[in-house]
Each structure stands twice: as structure tokens, then as C-alpha cells.
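Visitor: I would like to learn how to read a structure like this one, feature by feature. Could you take me through it slowly?

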Amino acid sequence: MESMLTALGPRLEALLGDGRVITDPVRLRTYECDGLTTHRSTPGIVVLPDTAEQIAAIVRECAAAGVPYVARGSGTGLSGGALPRADGVLIVTSRMRRILEIDVPGQRAVVEPGVINLDVTRAVRPYGYYFAPDPSSQQICSVGGNVAENSGGAHCLKYGFTAHHVLACEVVTPDGELVELPADGPGYDLLGVFVGAEGTLGITTKITVRLTRVPQTVQTLLAAFDSIEAGGTAVSAIIGAGVVPAAIEMMDALAIEAAEAAVHCAYPPGAGSVLIVELDGPDAEVAAQFTEVERLCRDAGAFEIRIAADDAERALIWKGRKSAFAAVGRISPAYLVQDGVIPRTVLPDVLASIDALSAESGVRVANVFHAGDGNLHPLVLFDDAEPGAEERAEAVSGAILDLCIQHGGSITGEHGVGVDKSRYMPRMFTDTDLDTMQMVRCGFDPAGLCNPGKVFPTPRLCGEVPGKRKGPHPYEGKADIF
Amino acid sequence: MRPLDALAKVCADVRPGEPAEGVLGVEPALVAAPKNLAEAADVMRVAAEKGLAVVPRGAETRLDWGAPPERCDLLIDTHRLDRLVEHTAGDLVAKAEAGLPMERLGQRLAERGQRLALDVPLPGSTVGGTIATGAAGPLRTLYGTPRALVIGLTIVRADGQVARSGGKVVKNVAGYDLGRLFCGSYGTLGLIVEATFRLHPIPAASAYVTCAVRGPEDAHDAVQTVFHSPVAPSAVEYTSPGTVTVLLEGVPDGVSARAGQTAGLLDENAEITETAPEGWGRYPDGTTLIDISAPPPSLRALLTMLGPDIAATWSGSGHGHVGLPPEMAPDEVADLLGRLRGVLARHHGHAVVRYAPEEVRGVIDLWGPVPALTLMRRVKDQFDPGHRLSPGRFAGGI
């Protein structure tokens, strides 16, 4: 394999020109992980293409040589989806950062995959529009990465995920061909399955995104409760009243403590939980629903409610929430970020179970979540200097995912499966389910070279009779899978 | 064992097909109506063992869509699969079987103040048929099509194995989203048995603001004006020969204020009603139905090309239908379709013929140019290597 790679280097240089192919071991190390730093692998070769045609040519070279390849945008993913392969090529799209077209009457824009999520919004904001998917990393993450991961964000409760905001993708297939996948064209909705396939079906080189009209009004409130249960009751009451807020976020006491230590957000002292509720839309709608939300929070026992009077106050309310992940570093030497989903209605049960897990194991868990859609982000705290602490934290983190599955939820709401969670996939899906999903992969990438080893714990041998695996594993002896 | 006997061992309702049950004239040899997922899986397994070509049937409202199947050895009728499996109102989620009629689903959800935000253009149509054809109406402008609302899907594969994807939570990125792939797949990838949907609350109030428009330019301006305003419409519909209707939903005070604003933007003579105008969300009349998708501004070019006499509807999001009358000769239909596709090609749009009389089908390409057809064929080959699932019904002869 190594010799294949060595031979590939000069060919890629001939394709891309000087400075676009990295083989220097020190520089390669820069790309050894994405946002999930617990998994590292120095890529064999890194390429920095400028065009779709170059990516197609790179993929053709890899296909001919039988070398695996991985696409990477900004490398902010949290499941190791862009983890490189030591025996492969890492295709970095960071040079492809042009916004190619802004079509306001058509409510769409066409962008290259390396374009930063927030830059789309910045470019179209003067026309009264924005790009709705808003993952926390939106200041640095790429639209190509959003497509791969089907990124959400705090506001996807009302506005949906990347899949709902992508109208078409130009894609380099694992055959090295450039094809257009429209959302609404004749034939199969291949785009529908491509978005969120975590880069295992091809590499997107051009994305047509839907632009969303900036709402007339945004109203944000912070409500503080004695307990997490009271906060949960308020969430259920709001949803039950038929209100669809733009966002409902919740933090527990430990997460509040961390945020306070880090950014002095001055959330109400003594709160067992805080809820951030944001409504947006036409003035008259928001005014009526906001009053109702305020009442529902009080009914659920909110002891303090703050309403943002302007954008600055809104930013202050959000500051604590947005800093929560990093802030946990203030109260713990190390931590794991979990991403699981539960049906909203079982929130109190699951939180009680997490409490019990934490008490039994002595591992502290701070809870931050998109409460409106049941997307939990427990932060599992540990001291990496203490022997065995990380393993205990891992065990608690895994047990939380099991809770999600037991309650009919999901092992990931927005971070993706990547390398991090593929081992949990068989707990959520049967072998047949996974086999069926991989039929799509076999259609797109029968050789299994496009971001292999991600999403699925066991690759399907394409072309074989389903359910019967014979002989050695396709990657045996070539590389570690897990 | 004969296929009929083999099927009768696993499914209580199996019988020979009748001439009247033909799928676009192709008479099914057998009809099976499984009553639950297990029976459906068994029926599909027997069909695989016997090499039967299978075509699913819901309420027959769209059985004439697409091309005739090359073969139809077994029609799988879903009418016994009509349960609302689960409705968790607090989670805004419901799971329904494929044969449940959309309107009945709507009634059940409404009992608890919720809805599946999809219009039902054809009365009687089922959950499974709606997904298999990707059908939607005016509400697609705000809520999208089935692909945006299906969050979990249970299918039976060509080999009789049951497979699920997604789940019953809205926010979920675990594994490939086969739900989106199956939307609009015309029964060619597997048998849809159950679907889980994301729901929305039924709005407390609705208003329809309707005004007359004169010609393509005026229609375009009306749609654009509403879109780029802050009134946040749930739907913006153009209906030939010259009407634009805007649907506003929300709280009573909000809707009333927004309806007033919308009328102000459009036309001081605009009519505001609480109920939908006649024909709202229905396909245009005719014996040939063409489904169009293209960016919103292409409405102008489209209407200019079609002229005032062709029946057409257009959702502001960039999706429309054209209905052609029975008296239009096949070569005239072919000519119009060719010109339509010519206009749409300049706007990255597509036109797909949903149904047409046999003599028209004979002279047109139902699907037009299909991007990524090679990949589609390869996906089909994986799901249905024997090409027994609705063979020939779909794009590219799939």
C-alpha cells in the first residue's frame, strides 16, 4: 500500500502543481485529526485542490491505484468523520472558498465546499436573507462539511437541517466523475441520501443552498428554574401549546457553573436549570406567542425570567450557552462531549437516569441540550491525570447512549457517527438495516475507497449475497479498521 | 408449489388478479393484501423465491403515474396495512402504516391538534403512495415535501428482509437516510410498510389572500413581492389563468395583521378568506399531468411559454403542474413538452410527466434528461438485483 501511495505522490503533483501536495511528515501532522482529537492518524498524502475537476482527477488516480481517500473541509467535525488514513490521501477543500452565485429572486446561492457556513449568511444578509443551518462551529465550519454531516444547530427545531437547505450538489463520484444531484430532479433522490452520508458516497464540489428570509422579529428569554424537572416541564408545556420556537436550549446547574466561571454570563444564581427560548417570525405572531411562553415558564415554576431588550442583551443570554462546552474546561481538567437524542417526552426520565449513572460512578456530568428536539449534549467530566478516569468517563458516556437507544432515540443528533460511534450502530440498527444502508454505498462506491471505515462497523462486501460473508475481511492486513 | 399456493400459506388474502386491476393495462396475475409487517415480509420473500415481479398498490390514486410495469406477477395491495401505529403528541411524531389514507391520518392527528404538513391533492391517497411518489401540494413552500417530513421508514426489501432507517426522533443523523431515498422511488427499491413522520401543530388561524394577476410579469411580481416581504407565508400559489393566493397561518391576531399586509402588498382588491379558494392544492385538469421544478423566477418564462390557455399551477417555492386536455394530439403534447424542457433547461429545471394517455406516452419521454442515471441504476441493482420491483415504471427504464 505504501508503495502505491509513494507512486501516487508525483502523479498528484503533476496534476495539481507546486505547493498543492503535502508529503512532508511534519506538515502532514497538522491534519492528523478533526474536531474529535481523541482519534488521530497522520495522512499519507494531503492535497489542496482548487477546482472540482482537480478533485475528480485526484479521485480517479486514487481509484486506479486502489488508495483510499478522505475529504476534509475545515476539520471541525466531532465524530472523526474526516479522520485521515495513513495509507490514503486527504483531500482538503479549504482552498475552494468562492461564493459563485447569489440569486436573491431564486432564494438560493451557489458555493464551493470550502466556504465557511457563516460567510454565506454574511454575503446574503444585505439582501435580507441568511443560511439557516447554524452549527455551533459556524464561524469556522465549511458548507461541504455541513453537507457531509447534515449539520443542524440550535435553530433546527424550527428550520430543519442542512438536508432541508440544500437544493443541489455537484459531486465527484467514487468513479471520479462529476455529476449533478438535484433535490427535485427526475429519478431517485440521491441528494437526499448523499447529504448526511458523512463523505462516504463521494465528495461535493459545488452546493446550491436555499436562502431563508431573515425574520421580522426575534425575541429571546432566559428562564431560571429550581430544578431540571421544572425546566423540562416548561419545555413540554411550550411544545404542547403548539408553539414552535426557533430554539429551546437548556443547561443544568453544573453547566451553568462552568459558563459562569468562564464568561461571567450572570445567569440567575442558584438555578437548577436555565432555559433559553427564542421565537422568531412576523411581529404579531412573535408578540402573541412570546407572552404565552413567558406564562408557561412561570406556570412551570420559573423564579426569574429575563427578556432580551435588544441584540446586545440577546447575545449576553446566548453567551453562556454558546460557551458551555469550552467553559467546562474551567471546572474539569478534561471532558467528553456526548451527542444523543431522546424523544422530548422522556426527558425527565432520562435526566434522572443520567443523574443516577453519575452518582453510581462518581463521574460528574454537565448537561447542555437542545431541549426542543430532545438532543442531549452531556459533558462527561474527568481528570486525565487520574489513572482509569478516562475509561470511567467513557463508560458513563456510552451508558448515556444506551439510555437514548432504550428510549427510542438516536446515538447522534448532529455530530455524526464517523469513527467515534460506528461501534454503537448495531445497538440502534439490526444487521439487515445496516446491510441495507450499505447497498447504497455499494452502488456509489463498490471498491470502498471513499472515506472507508466510517459510519458502519463492518463494511459490506459489494456484490455478495446479503448476509453471507466469506473469506477474509476486505481490509484485513491493509489497515486498522477499529 | 404454484405461486398462488405458496403465497396463500403466508398471507390470508391472496387471489388471482382481475383485468380491471391492470396497472396501466398490465394485468396482475396475483393480488396479495398482507395485514401486517410480518405478512408483508413473507409475501415479498415468497415473491423472491418464485421470481415474481411485484408492484405495490395503495388506493390507486396514482397507479397510473409513471410508465407501465414490464411485468406484474403480483400486486401487493396495502389496504389492510392501515393502522396509525403510534402518535406521540408530546414529541410531535406519528408512525403510520403504508395503506392508511392520508385524510384518515389527518383526522386522527387533528384529534390532538396536530397535522402532517402535506397537502393531499388526490382524495383517498395513502401514506405509502404519497411517499413513493414524493407527492406534495402548496404547503411545500414552507414545510417541504415528504422527504423533509419522513423521519423513519420501514421497508421490505426485494429479498423479503425487513429494514429500517431513521427512527422516531426528528433530530437524528445516525446512518444513511433511506427515507429520503425512498421518497419518489415509485416502488422500485422496496415495499414501504411503515413511515414515521415529523408533525406540526395545527395553526390556530389561517387566512387566504387571493388576487388577480394579469400575465406572466404580473404573476412573477406578485410571488416575488410576497416572498421578499416579512409576512412569512406558508404557501404562495399561482393558478391559471391568473390568480395568486397566499396562505398565512399562525395565531389569530398575527394572521389577521399579516393578511392585511399581504393584501396591501398585492392588490387593494385582494380577497381575504378563512377557507381555501375552490381548487386549492388540486392538480390542474387534464389527461396529461406534467410536474415541474425550477427556481421561483422561472415562473415568468414558464407562463410566457405556456400562454394563457394551458392549465397550470405553481407553488412559490419553485414547483408546478401543467395539465393538458384530452383533445390535445400526442404530437402537440410532445412539442409542448419539448419546448417546456427547453425553457426549463435554461433555469436548471426539470419537467416530468406523471400521467398521460397511452398514445401520448408512446411519443414522449416521461422523465426527460436524468442526471446521475448511472448511479441510480447501480443503486437499483443493489436493492433489486433481479429487477422484479415495479420493473420499468421509473426513470431510465428502472
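Visitor: Let us begin with one residue: is L316(A) buried or partly exposed, and why?

Guide: Please keep in mind throughout that this is a predicted model. L316(A) counts as partly exposed because 18 other C-beta atoms lie within 10 Å of its own, whereas a residue is called buried at 20 or more. L316(A) belongs to helix α11 of chain A, which covers residues 311-322.

Visitor: How far is L316(A) from Y267(A), in sequence and in space?

Guide: The two residues are separated by 49 residues in sequence, and their C-alpha atoms lie 9.6 Å apart in space.

Visitor: How should I read the two sides of a strand, and which residues of β16(B) point which way?

Guide: The general idea is that in a regular strand the side chains alternate between the two faces of the sheet. In β16(B), T288(B), I290(B) and I292(B) point one way, while L289(B), D291(B) and S293(B) point the other way, and all of them are buried. This strand, residues 288-293 of chain B, is accordingly described as mostly covered, with six of its six residues buried.

Visitor: Which strands pair with β16(B), and in what sense?

Guide: With β18(B), residues 319-324, β16(B) pairs in the antiparallel sense over six bridges, and within that pairing I292(B) has G320(B) as its bridge partner.

Visitor: What does the packing of α8(A) and α10(A) look like?

Guide: The axes of α8(A), residues 228-240, and α10(A), residues 283-299, come within 9 Å and cross at roughly 145°, in a right-handed crossing. On the α8(A) side the contact is made by A234(A), A237(A) and I238(A), and on the α10(A) side by V293(A), L296(A), C297(A) and D299(A). The classes here are six nonpolar, no polar and one charged residues.

Visitor: How many residues of chain B are in contact with chain A, and which element gives the most?

Guide: In general, the size of an interface is often given as the accessible area lost when the parts come together. Here I can count residues instead: 67 residues of chain B are in contact with 72 residues of chain A. Several elements of chain B give two or more residues to this side, among them α9(B), β19(B) and α13(B), and α13(B) gives the most, with seven residues. The side of chain B that touches chain A divides into 33 nonpolar, 22 polar and twelve charged residues.

Visitor: Which residues of α13(B) are buried, and against what do they pack?

Guide: The buried residues of α13(B) are L375(B), M376(B), R378(B), V379(B), K380(B), Q382(B) and F383(B). They pack against β9, α7 and α16 of chain A.

Key
Residues are numbered from 1 along each chain as its sequence is written. Chains are lettered from A and ligands numbered from 1 in the order in which they are written. This is a predicted model: local features need pLDDT of at least 70, side-chain atom pairs count only at pLDDT 80 or more; totals for chains, interfaces and linings use all residues. A residue is buried if 20 or more other C-beta atoms lie within 10 Å of its own, exposed if 12 or fewer, and partly exposed in between; C-beta atoms are placed from the backbone. Helices (H or I, at least four residues) and strands (E, at least two) are DSSP runs, numbered from the N terminus. Two strands pair if DSSP finds at least two bridges between them. Axes are lines fitted to C-alpha atoms, for helices over the stretch in contact, and angles run from 0 to 180 degrees between N-to-C directions. A crossing is left-handed if the near helix is turned anticlockwise from the far one by less than a right angle, and right-handed if clockwise. Two residues are in contact if their C-beta atoms, placed from the backbone, lie within 7 Å. Ala, Val, Leu, Ile, Met, Phe, Trp, Tyr, Cys and Pro count as nonpolar, Asp, Glu, Lys and Arg as charged, and the others, Gly among them, as polar.
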